[in-house]
Amino acid sequence: LLGMSVEALFKQALGLADPWVVTECDFNPEAKSLVIRIDFKRGSRFVDESTGETCPVHDTRVRKWEHLKFFEHRTLLEARVPRIVGSDGKVKTVAVPWAEPGSGFTLLMEAFLLGLAKVLPVAEVARQTGASEDRIWHLIRTRVDEAWLDADWSSLERLGVDETSTRKGHKYGTAFLEIDGKESTPARGGSKVARLLFFTPGKGKETFDAFARELDRRGVPREQVGEIAMDMSPAFIAGAGAEFPLGQICFDRFHVMKLCGEACDQVRKEVAREHGKLPKGAMWALRGNAERLKDDQRELRESLCEEHAQLGRAHAIRDFLSDAWHYDSRDAAEVHLKEVLSWCQRSRLEPMVKLGRTLRRHWDGILGYYQNYTTSAAIEAINGLLQLAKRRARGYRRFENFRAIAYWIAGNLTLKNQCPLTH
């Protein structure tokens, strides 16, 4: 590189090929700025991308793009962009190799900003780079929407659906995910691989209609969806039944056990009202799986169940229900679950009787678990990413921004003309 001019050096660093040349580098240390001016060789011809013909330059327009900082100095590329007249008589602006049409950032700067936006709040990205938040958000929405529209959904067979809060004040959105991989064994090895396909405001039946219409637009048959994992929301059940009648609804064991835990908690409250205040720590000792409790909590649970028959019966039913998730076949599990229903009905405990009615009402969806042993692990992993992004940003003023960042961090998208950070 000895003897190479500054302009030639920057041309090489920017990866420019003929006929593009760097004509001037205006470095201002006081303003902490660097302007790199680019031009093309006189007499150059450019390709009309619509016809493949090479055409002479009609006129030029001066444009600027923000580039990666040169050390701590803000860097701009300024170029005379040629316009040509095509065979159809229309004047067309020539595409430059260092930026997307209409963008105010170079490809390298776009890649840098988008990479930071995956792990940092946009406000922090703006602070570190000097680019405005509005420009960064516009970049994220534009590039992510392009990639999302081109994403391939043809492999979709197993669908996960979950609601997630989008703002304070009971504002929700519904996320539709593709679950990948097979669970290895019952109650163990749940698949945690998923990608976010579709995110829409609301949590009602209409969200399924919106997702189904997007499937139609992409040419993915609805009949291809063989399994739908979700919670027991009546709106979700109605939506899945209306739009995917051939899909097997699957209720995760976590949601079933959560219902059972709530029923046990209600029994505890009734016992406390009937017999007076229970010992300190009783609430936490009576919640969750016994094997996860500390020794003193486990001992307290055992003593409470021995002292109060209602608690003993409720927790015996809970332990028996938890055993249902270890069966290898749907038929064997169904026999076990029928015994659970019978026990609930004979328990003389209204919360457990109500639990039995709920399990019977959602019978087919509960047994749907045994098709692939599908759990909520993959769904909750995606939901966790979305909530982390929301907390980092301290909330999103626009749902469109939340949706764009959600697709970017959880959609496994491939951007058009993605540029590696090599310069």
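Biologist: What share of the contacts with a separation of 6 or more comes from residues 24 or more positions apart?
Modeller: Those residues account for 58% of such contacts in the protein chain. Keep in mind that this is a predicted model.
Biologist: Noted. How many helices and strands are there?
Modeller: The chain has 16 helices and eleven strands.
Biologist: What percentage of the residues count as buried?
Modeller: That would be 47% of the 423 residues. As for the accessible surface, the total is about 22,100 Å², and carbon and sulfur atoms hold 51% of that.
Biologist: Let's go inside. Which residues have the most contacts within the largest nonpolar core?
Modeller: I140, F211, M352 and I405 do, in a core of 101 residues. Helix α16, residues 399–410, gives the most to this core, with nine residues. There is also a second, separate core of 20 residues, which includes L14, L34, F46 and W65.
Biologist: What does M352 touch, leaving aside neighbours within four places in sequence?
Modeller: M352 is in contact with C260, A263, C264, V267, A314, I317, C344 and S347.
Biologist: Switching to charges: how many salt bridges does a search of the whole structure find?
Modeller: It finds 29. One of the pairs is E214 with R217, whose closest N and O atoms are 2.8 Å apart. Both lie in helix α5, three residues apart, or about one turn of the helix.
Biologist: Are those two partners buried or exposed?
Modeller: E214 is buried, at 10% relative accessible area, while R217 counts as partly exposed at 48%.
Biologist: What about R222, which residue does it pair with?
Modeller: R222 forms a salt bridge with D216, with 2.5 Å between the closest N and O atoms. R222 is partly exposed at 25%, and D216 is partly exposed at 41%.
Biologist: Where do D364 and R330 sit?
Modeller: D364 is in helix α13 and R330 in helix α11, 34 residues apart, so this pair links distant parts of the chain. Their side chains meet in a salt bridge, 3.3 Å from N to O.
Biologist: And which residues are linked in a network of salt bridges?
Modeller: E24, D26, R37, K64 and E78 are.
Biologist: Last topic, the backbone. Where does P19 lie, and what is the peptide bond from D18 like?
Modeller: P19 lies in the loop between α1 and β1. The bond from D18 to P19 is cis, with omega near 15 degrees.
Biologist: What is phi for Y373 and for N412?
Modeller: Phi is positive in both: near 55 degrees for Y373 and near 50 degrees for N412. Y373 sits in the loop between α14 and α15 and is buried at 14%. N412 is in the segment after α16 and is exposed at 63%.

Conventions:
Residues numbered from 1 in each chain as written. Predicted model: local features only at pLDDT ≥ 70, side-chain atom pairs only at ≥ 80, totals over all residues. Heavy atoms only, no water. Core = buried A, V, L, I, M, F, W, Y, C linked by side-chain atoms within 4.5 Å. Buried < 20%, exposed > 50% of the residue type's maximum accessible area, 1.4 Å probe, protein only. Helix = DSSP H or I, 4+ residues; strand = E, 2+ residues; numbered from the N terminus. Contact = heavy atoms within 4.5 Å. Areas by Shrake-Rupley, 256 points an atom, 1.4 Å probe, with all protein chains shown as cover. Salt bridge = Lys/Arg side-chain N within 4 Å of Asp/Glu carboxyl O.
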